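Okay, thanks everyone for coming. Let me put the structure up, and then I'll walk through one part of it.

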Amino acid sequence: MQSRWLRLLGIGVLLSGVFGATSAYADDHVKGYVLMRVDTDVENEVENEIDGVCKDHKSSVAVQTAKQGLVTLITPNGKSDDDFVIELRGDKRVRYAELDKLHSLPLVSGKPFHFPFDRGNNSGKYNSQNAKAQVNLSSSLSKTGGAGVQVAVLDTGITFSHPVLKGVALAGANFVSQSLTPKDIADTPASLAVGHGTMVSGVVALIAPKAKILPVRVLNADGTGSTMSIIQGIEYAIQQGAQVINMSFGTNLSSDIMDEVLEEAADKGVILVAAAGNEASDKLLYPASHSATLSVGSVDASNKKSVFSNYNKKLILLAPGENIQSAFSDGAYAGGSGTSFSTPFVSALAALLLSKYPNKPIDWIKDQIRESAKPLDKSNPNYKGKLGRGLIDIQNAMSGNH
């Protein structure tokens, strides 16, 4: 069996910004396909086991990733996806089998918020926004930080020609349409999330303008993708040398297969940063809920928890997430709110630290981010113990004294 990187279109993961489509969460999945990983890690046995499983279960491979033994199988005719999962789980050659879940974009108070606001060509509003002072970013750091570090932004793509991103964006990859570059463009009937990836990338560039941004398109223009596309994106980012992976998306359902990928990425020294979600819930979205990630919630300009932000005793950090000014896909600038835009503040801080302290262990870098944060329990008494270490403090973190 030849290794191949095929891509299925129109499959979904929840995008975690106030930027969503009109449907609520759906317990749905990619119809006609099942994720599977065979049990062996012995290189010369993997392909034989996949071939054997396919033959015995009358299936074939639709997607094969670079990850050893992980594939998407086509559900055999006359069989439901659920039944096929159960059947595969009974095969001793199969380590994991699960549905490739499909999820919709988030709603806030039951209503969709899918338009960026305050659009215009005012770069001054972007460069001088209050969020920079809120996270204690010095002018010297904002001009020089992040050199030599690569931040992968797994999202809807990027506008390469935007003045903020020109020269810092790498070529990247597209796992929605593999033959295309990862441009942040309309490719669905509604295209409600166009610009999201560009805005997330713009926040990284605001805080760490010397860092390189690796755009990895795993979500279409409605902000939909699949567990498999996310896995492919993580694997690609690692192969390209990304030291930080920003994931401004999430889902209510975890994945055993993706758990392994996240843990392996962390073991390789990659810093994973993920959005907590916008449901005003005490449950974190996945992968923010995974222990390998730095989960990020949102605060307003007064350091109060954003009304929409999720919270939990396992939340790690907070960052500004309301009226964040950033680059937009049409080449201009726009404002956005949501934990999607809080997350890249933390990714950028990781880049600043990695740049300044290139020889320090990754655990030390993470400690600086966590231990330097400003606790906000006193100003948010209703959420005491559920706002993590508090609001990131860049100047404090960069001192390296934690």
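So, Leu-154 stands opposite Met-247 in E10. That's a predicted model, by the way: local features need pLDDT of at least 70, side-chain atom pairs count only at pLDDT 80 or more, and totals for chains, interfaces and linings use all residues. Numbering starts from 1 along each chain as its sequence is written, and side-chain values use heavy atoms, with hydrogens and water left out.

Back to the strands, which are DSSP runs of E, at least two residues, numbered from the N terminus, while helices are H or I runs of at least four. Strand E7, residues 150–155, pairs with E10 in the parallel sense over four bridges; pairing here needs at least two DSSP bridges between two strands. On E10, residues 244–247, Val-244 and Asn-246 point one way and Ile-245 and Met-247 the other. All of them are buried, meaning under 20% relative accessible area with a 1.4 Å probe, protein chains only.

Zooming out, we've got an open sheet of seven strands, ordered E8-E9-E7-E10-E12-E13-E14, with parallel pairing. At the edges sit E8 (173–174) and E14 (317–320), each pairing on one side only.

Note on methods:
Buried < 20%, exposed > 50% of the residue type's maximum accessible area, 1.4 Å probe, protein only.
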